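Open the model in your viewer and keep the selection panel at hand. The stops below go one at a time.

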Amino acid sequence: MMALVAIPAAHAARRVGPGRAAAVGLAVFAGASLACGLSSHLITLIAARCVQALGGAAAVTAALELLPATVGSERRATALWVGAGATGAALGPAVGGLLTELVSWQSIFLLQAPVAIAAAVPILTVARHEAATGIVAVELRRTARPHVLANLALAMVSAAIAAALFLLVLLLIEGWRLTPIVAAIVVTVMPLSALAGGRLGSLAPSARARAAAGAILVSGGLGGLALLPKAEVALTLPPQIMVGVGLSLVLSALTETALGGRAPQALHGGWTISARHAGVVVGLLALTPIFTADIAQQRRDAIDAGTAVVLDSRVSPLLKIELAQRIEGRLEEERGRVPTIGPAFEPLPDDPADRADVVQLRSELEDQLDRGATHAFSPSFGLAALLGLLALVPIGLARRVDL
Amino acid sequence: MSSGRRSRVLIGGAVAAAVALVGIYLAAGGSSYTPAKTQDPCRDRPWRNPEGIQQIAEQFSLSALDGAACELGVTRETLARALATPESRERFTQRYEIGDAELARAIRAGLLRAVDDAEDAGALNPLVAVPLREALRRIPVDEAIELIQNARSLLDNLQSFLGPAETLLEQFLP
């Protein structure tokens, strides 16, 4: 929805004035957030989310017109605007996971409402000035064409980054069976790295170099996630750091390029928002069928491998049959998911020799399930890495003077 | 340092970092971190060195599973899970459209293979193997079905099948 309404919202912001557009946008966003949090049906939730997108698009595009007056320059305004967007996109899953686990999923939306209202307060002054004077604080300059190559690269990189965020959270929760709160803490590495990575941009003034380096780092990090050698949280940290730093470099460079020298800023900001969100949608549409087919197949392979482990173990035969029946019961209870088979082994046998054999069997069985779960995500991460690398094509093709 | 050189250093550093990460994870076995492949049940599977009647019975059951799975065109593991509970057997027969009679015939074929495997492993004397094969060829379908319906009884029944002759058998065990 955001991909569709960002540009019309930017046009509206130009016509009515950025102050009024931002204030109204934030008010609409706050109201829709409340509606999302109070929804009891999927249809009303989706409808409220669409309205959220309308309000959000108006506020975010108008902000780009308001920022230069506050921070002193268009370049600094762009950097701040991009940085806020990148940090928000990376922090979102982590904060969302924490709130879901600690409170409820509804709290994610209910918390957005007061934040949006608080953000609208300082903008009201500008909005009142526009309403009183009838002066729209934006010069209605002739609209320049959007930077197609920079926006195309943004779309591709956004598709890749969406995969990193979405798939990694799923791997941690559905694959490795971590709780949402632990998964949320784990994925904070990415936004923290994005914040730190912003400093690297000063190493090279060339936007093309920053964009290329960022795309390479995003792809490298996704390649690492596709090749995890074990189901260990620590092994996801280096790839996350790489994706986070890359995200910061590439998004800032491409957005600065797409906005630089083009007017009006709100409209071209709208183009970048559309490109990024279209990239996210296309990326998820392309990867979701691959990932769901893979996890189903890997679940079957892991269960087969686990059954072989049970059959060939040194646990005494009658105990083995009892365990097999309990494990089968767990598999049936958790059909369609990577099963948690630990409870099937409780209580452990009293005999020390049997207990040791059963503990080892449980460990080997969980290893096979971890292998299946981890490998299920590999093709999707790999495809996302390829998308990130493909962004180097429009980055390379852009004219030297632009990048 | 010139702007061009700094750009090259930044890009070169990114490439080096990405290649290093992917290379390290590949070297650590990232591309092979997958579930273990299960063996084709129609292939011979060597017995562990069996000691005592209970271990022989267990190996016998596993060979029977291999033989039956080979007949049905499924993995040993799929059949083992199918026989774990009556509900899982029902799901299995519906999914693969296998009737009780076909399943019983496959189990019988599996039991015959198990006799062959036991003899090959030196766990069963040919003097016992020959009459055992004959007995299994004549095992009634409903008894074979009853064996299928309770996996625990498969092992118990095998033990009881062998049990009355246990003393005699042990004289013929290597």
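Start with the two domains of chain A. Select residues 1-140 for domain 1 and 147-403 for domain 2; these bounds come from an automatic or database domain assignment. Their centres, taken over C-alpha atoms, are 29 Å apart.

A note before going on: this is a predicted model, where local features need pLDDT of at least 70 and side-chain atom pairs count only at pLDDT 80 or more, while totals for chains, interfaces and linings use all residues. Residues are numbered from 1 along each chain as its sequence is written, and chains are lettered from A and ligands numbered from 1 in the order in which they are written.

Switch to cartoon. Chain A has 14 helices and zero strands. Helices are DSSP runs (H or I, at least four residues), strands likewise (E, at least two), numbered from the N terminus. The C-alpha trace of chain A spans about 85 × 50 × 30 Å along its principal axes. Of its 403 residues, 53% are buried, meaning that 20 or more other C-beta atoms lie within 10 Å of a residue's own.

**The core.** Which residues have the most contacts inside the largest nonpolar core? Select A:Ala58, A:Ala153, A:Ala160, A:Ala164 and A:Leu222; this core has 171 residues. Such a core is a set of buried Ala, Val, Leu, Ile, Met, Phe, Trp, Tyr and Cys residues joined through C-beta atoms within 7 Å. Helix α6 (residues 148-175) of chain A supplies the largest share, 20 residues. Zoom to A:Ala153. Leaving out residues up to four places away in sequence, A:Ala153 touches A:Ala211, A:Leu254, A:Ala391, A:Pro394 and A:Ile395.

**The chain interface.** Now bring in chain B. The contact takes 37 residues from chain B and 39 residues from chain A. On the chain B side, α1(B) gives the most, with 13 residues.

Definitions and conventions: Buried ≥ 20, exposed ≤ 12 C-beta atoms within 10 Å, placed from the backbone. Contact = placed C-beta atoms within 7 Å.
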